[in-house]
Amino acid sequence: MSATATLDRPSSTASRAAVPLAEHIIEVISDSGEGAQRCGQSLAAIAARMGNGIWTTEIIPAEIQPPARSVAGASGIRIRIGAQRVTNGGDQTELVVAFNEQVLIGRVRAGELKPGATILLESMWRSHRDPAIVASYTETVEALRRDGFDVHEVPLEERCRELVSDPRKGKNMFVLGILCNLYGFDARLAREQIARIFGKKDAKVIESNVMLYEAGAAWGEANLPFRYRIPAQRSEVPQIVVNGNTAIALGVIASGMDICAMYPITPATSASHYLSEIFEKVGGLVHQAEDEIAACAFAIGASYAGKCAVTITSGPGFSLKQEAMGLAVMAEIPLVVVNVQRGGPSTGQPTKVEQGDLLTAIYGSHGDAPKVVMAPCSIEDCFYSIITARKIAETFGMVVVVLSDASLATAQQPFPRPQFSEDWLAPPVDQTPVAPGAKPYDWDPVTGLSRRFQPGQPGGMHTLTGLAHDRNSRVAYDPAINEEGLRARSLKLAALQKTLKAPTVFGGDSGDMLLVGWGSTMGAIEEAVTRLRKEGLAVSAMHLRFIQPMPSGIREMFKRFRHVMTIEGNWSDKPTDELIDEDNRRYSALAMMLRARFLVDVDCWSEARGQPIKPGDICRVVREAMQRKERES
């Protein structure tokens, strides 16, 4: 009997009662091109339709096509499924499906698997023709079992080959069947999801994939001695399940913007892919420029023509756009710039998450170039932030930077289907005649605002320039005139700041420690605060959506807490390093800004490992920090 033949023997415990769980974290990992991400995304979508909370985190190798069976080449997805709403990827994985042992090794070494985690591992490598591969496989399985992991070998290749000619294109749906069976997910919803995935293909393709799904479910029922059930409660309102980039694209459409100009760059590109499919149906246009600079210039030109355009990019592209963004600031042309942050500097880690662009977004241009900087904190917020950004850009005649990141870009989460409001849309292009004597930059002495002159308005003709200019848009190098323009452009930030609501505090209104975050870290921070408060610790959190300008009320909040610490996904020096002291320590980006603005001893903890920050790590860091501060006091 072959080594894999024993795997198909029905287990006497296969029908045992399902273990009830509040949540579970699952991974599906493979070589690139084997469909692990599609499998996980489908599982998440099915769970969401069942009524579970979900959050997905894509595992993407740095190389476009890494070598097969390589530790660094793991491609896949993590799915956190909960009985309640899920706001982040959680801590360590509890069940993983791996298509080979090498991609699994990388996850184990990175500490991403929970001790004793269940592993379902493709068994074809045990009988491979290459003795070195066989040795690697058997040694890995033995080592994993010695380390306490619960390893189950699964004949994916063998079973899929019975149904399709190319098992590499069928394993993911077979695995989907296994997982749906393990977690008791509705088979009807699974079949509908498969039909949706392959809807543009021939009916035979859908039929083949449904067959693979059913074979996987049957294999799991017959051979795996455990079942799980995660309670679900269907939402009373319609939900959508999208990732952050899709939410941004939907926000562009909902905001009434007509033009998106961009150059492809990871991890921002999928936003333009989605817009390219549907934007023209609602009167929009996606322009793929020859480079990042041209994309920004195109968007500025489109905005100057009367409405507001958006350009979407990531870190390297954002750097290239800086000079053109300065033109938009000087000419007071509304512009929305989305920066889906990734690891840096230079080309850095294209597929990994980081929050390293905050200071660049605020201060990156040469000269004084005030820009609004926003940071969405959830998938839903990605949608609404774009609508808000367009309104601000047009109302104040400013550049608005929306800082998303790779974590939000690829993560999926359900949220209530937006109910369209006409208030979201841009107003019609103003073609009313300009009053005699009106000036294109007639800056208000209090707010710095001026009426926007648009091409074609009778009486509104003027020369547009990126040079220092007076109220008539005439080039002027007079010191007083230059300072007048700088003052007006800065006052617009102050005028916007007066309209912002104070951020809310999550947890108690006062206490020992206030955690401050921005962007995609909100879910992990608030989950950590919930856990810590259950332990009796007086910890709360505040999250900033507007970072430039910052809303009022922050100073007063800080006074109600003994200590303040930021949690960020960028670099800060570790105080424990031998050379680091208070005279040379580099603080994380937001901590640096808060210390300077409020003259408060804001501490920081940051992580730039290319992975989303985990709530468990935040809990550990906060406990250690509070103990250290108690000793110091």
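The model is predicted.

**Start with the whole structure.** How many aromatic pairs does a search of the whole structure find? The search finds nine. A pair of aromatic rings is described by the distance of the centres and the angle of the planes. Keep both in mind at each stop.

**Select Phe226 and Tyr228.** Their ring centres are 5.8 Å apart. Their planes meet at 35 degrees, so this pair is tilted. Planes count as stacked under 30 degrees and as edge-to-face over 60. Are these two residues buried or exposed? Phe226 has 7% relative accessibility, so it counts as buried. Tyr228, at 12%, also counts as buried.

**Select Phe420 and Trp424.** Here the angle between the planes is 85 degrees, and the pair is edge-to-face. The centres lie 5.7 Å apart. Now look at the surroundings of each partner. Phe420 counts as exposed, because its relative accessibility is 52% and the cut-off for exposed is over 50%. Trp424 is buried, with a relative accessible area of 12%.

**Select Lys574 and Trp571.** What sits over the ring of Trp571? Look for the charged end of Lys574, 5.0 Å from the ring centre.

**Finish with Arg585 and Tyr587.** Turn the view until you see the face of Tyr587. Arg585 lies over that face. The distance to the ring centre is 4.6 Å.

Notes: Residues numbered from 1 in each chain as written. Predicted model: local features only at pLDDT ≥ 70, side-chain atom pairs only at ≥ 80, totals over all residues. Heavy atoms only, no water. Phe/Tyr/Trp six-rings, centres within 6.5 Å; stacked < 30°, edge-to-face > 60°. Buried < 20%, exposed > 50% of the residue type's maximum accessible area, 1.4 Å probe, protein only. Lys NZ or Arg CZ within 6 Å of the ring centre and 35° of its normal.
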